[in-house]
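User: I would like to go through the terms used for this model and see what each rests on.

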Amino acid sequence: MPYVLMLMLSSLLSLATSARAAAPGSAQVPPPRERTLPYRLVSARPADAVVLFDGKDLVNWRQPNGRPAAWQVKDGQMTITRGNIISKETFGDALIHVEFRIPYEPQAHGQERANSGVYLQGRYEIQLLDSYGIKIPGKGDCGAVYGQYAALVNACKPPLEWQSYDAIFRAARVDESGKVTEPARITVLQNGTVIHNNVELLGPTAGAMDSDVGKPGPLLLQDHGSPLQFRNIWLVHLPLKGSDAY
Ligand code: MG
């Protein structure tokens with residue numbers, strides 16, 4: 001069941017329970033703690049977000065070789081034209097929001113059908129592909145951590161509709177020698193539905209910029225030959241840990 005729907009249902013149940021508990025003459029069971037209704041997944045850009053793309057230009061992006069990013073920007077969107085691009089901003093632990101639109105390419109099949117990708121730290125690809133309607137998405141389908149984890153459910157919208165990824169990324173931890181002590185982890189929501197639940201990444205995916213997982217890295221958008229579009233891309237840097245205060 002989609003995450004948001006589940007939250008709404010549980011909220012309704014909670015409301016019903018509260019109403020029963022408040023009825024006159026009923027047993028004095030404390031009602032459940034009040035909750036704000038309805039639950040909503042907030043994808044609005046927070047005030048402290050680092051804006052990577054707001055529809056105007058590619059000033060916050062470049063090509064991996066250092067040259068200026070050359071994708072087309074028009075009507076508030078960027079369209080893949082030639083080569084991968086990376087954000088100038090790099091990050092460790094972060095909340096990342098990306099909106100994308102997949103073209104309709106009925107003549108193409110499998111990995112050739114509207115392929116792109118969002119690489120966290122330039123190393124871990126969340127696949128972009130036209131996987132709409134596939135009952136059991138695989139490790140190469142849209143939403144997959146490419147080659148490692150298939151999406152838990154197929155949350156894809158049809159091509160030409162705007163979609164979103166919200167990823168909560170925990171970077172790998174390494175010791176002084178660079179040895180990984182804790183692999184990177186991610187939780188991903190596609191269009192508000194949980195498609196990865198805090199999975200431990202097995203290392204950089206195919207096509208990664210490098211394998212220096214202890215270092216911050218950029219957001220990389222992949223050119224795989226299809227004209228996908230992007231808009232509204234931002235991230236929030238997360239603290240590495242909370243305080244020790246009780
Ligand atoms: Mg790809």
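Analyst: Two strands pair if DSSP finds at least two bridges between them. Helices (H or I, at least four residues) and strands (E, at least two) are DSSP runs, numbered from the N terminus. This is a predicted model, in which local features need pLDDT of at least 70 and side-chain atom pairs count only at pLDDT 80 or more, while totals for chains, interfaces and linings use all residues. Residues are numbered from 1 along each chain as its sequence is written.

User: What makes E2 and E5 a pair?

Analyst: E2 and strand E5 (residues 85–91) are joined by 2 bridges and run antiparallel. The requirement is at least two bridges, so the two strands pair. Arg62 stands opposite Ile86 in E5.

User: Why is one side of E2 and of E8 left without a neighbour in the sheet?

Analyst: The open sheet has 5 strands in the order E2-E5-E14-E7-E8, with antiparallel pairing. Strand E2 (61–62) and E8 are at its edges and have a single partner strand each, so one side of each lacks a neighbour in the sheet.

User: Which residues is Gly147 in contact with, leaving aside neighbours within four places in sequence?

Analyst: Contact means that the C-beta atoms of two residues, placed from the backbone, lie within 7 Å. Beyond four places in sequence, Gly147 is in contact with Lys139, Gly140, Thr205 and Ala206.

User: Which residues have the most contacts inside the largest nonpolar core?

Analyst: A nonpolar core is a set of buried Ala, Val, Leu, Ile, Met, Phe, Trp, Tyr and Cys residues joined through C-beta atoms within 7 Å. The largest one has 53 residues, and those with the most contacts inside it are Ile96, Val118, Leu120, Ala167, Phe169, Ala184 and Phe230. Not counting residues up to four places away in sequence, Val118 touches Val98, Ile126, Leu128, Tyr165, Leu219 and Leu221.

User: Where does pLDDT stay under 50, with 25 contacts beyond four places in sequence?

Analyst: That applies to residues 1–23. pLDDT is the predictor's confidence in each residue, from 0 to 100. Where it is low, the predicted coordinates should not be read in detail. The mean pLDDT of the protein is 88.

Terms used: Buried ≥ 20, exposed ≤ 12 C-beta atoms within 10 Å, placed from the backbone.
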